Amino acid sequence: MARAARGGQGLARVAVVVRAGAAPLWWLGVCAAGIGVLVPGLTGRGIGLLAGAALFLVATAVTATVRRGRYRALAGAASRAGRHDVLQDRAVTVRTWRRGHRWWLLAAAVAALAASFAVPAAGGLLLAGVGTGLRLKAAWLGRVERDADALLWIRVDWLARDGGSPAARSVKGYRGTGIAAGDAAPGGARRRNAALVCNGRARVRSAGPPRYCANCGGA
């Protein structure tokens, strides 16, 4: 893993960005499907639920596997994060992504509800499938990180382009840190033990001054 050039950058976890949309899409989809099933629709509830189940499975599989080659290529060429890079907190990354996509999420929920007048519950189950696929993709990224014994990060300014996708063409590369850096575990979930949070220098939540950590980006 090559060392990144000097000059600090704000970095967000790739897996956290991928995972950020999973929960809202899942819950919006479930709510839309629950409301939609109350509407007879043009096809009837039975056909709507069968179609929705098929869409759920397809959406889950496609979302979980699409662009894996791109993620692997970026992960394999990741440079090592520098001492001056700043690691963004998980909560900040999630909040930023959801705030930036709130209108898209709302539009998707409205479209899912509207689709229920034709095919009951199908649109909601489609949304829920996309959310499930994102959760599975984040879990797959977690396995990639564990295999490499390194967490994957992306520059925050690059996320502002191309809809905030961490695998967009405009993304030139990832940066890597030790497996204990930041406050999110491999795969983007919250750490059960968040005693150590690195942002170039370790901050141990105990008495005494901060000390350098070999697991942080500046190692």
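User: Why is Val30 called partly exposed?

Analyst: Val30 has a relative accessible area of 34%. Buried means under 20%, exposed over 50%, and partly exposed in between, with a 1.4 Å probe and protein chains only; therefore Val30 is partly exposed. This is a predicted model, in which local features need pLDDT of at least 70 and side-chain atom pairs count only at pLDDT 80 or more, while totals for chains, interfaces and linings use all residues. Residues are numbered from 1 along each chain as its sequence is written, and side-chain values use heavy atoms, leaving out hydrogens and water.

User: Where does Val30 lie?

Analyst: Val30 belongs to helix H2, residues 22-36. Helices (H or I, at least four residues) and strands (E, at least two) are DSSP runs, numbered from the N terminus.

User: What makes the largest nonpolar core a core?

Analyst: A nonpolar core is a set of buried Ala, Val, Leu, Ile, Met, Phe, Trp, Tyr and Cys residues joined through side-chain atoms within 4.5 Å. The largest one has 33 residues, and Val14 and Tyr71 are among those with the most contacts inside it. A second, separate core of 6 residues includes Leu87 and Ala181.

User: Which residues does Val14 touch beyond its neighbours within four places in sequence?

Analyst: Val14 is in contact (heavy atoms within 4.5 Å) with residues including Tyr71, Leu141 and Tyr174.

User: How do you know that E2 and E5 pair?

Analyst: Two strands pair if DSSP finds at least two bridges between them. E2 and strand E5 (residues 175-177) are joined by 2 bridges and run parallel, so they pair. Arg80 stands opposite Gly176 in E5.
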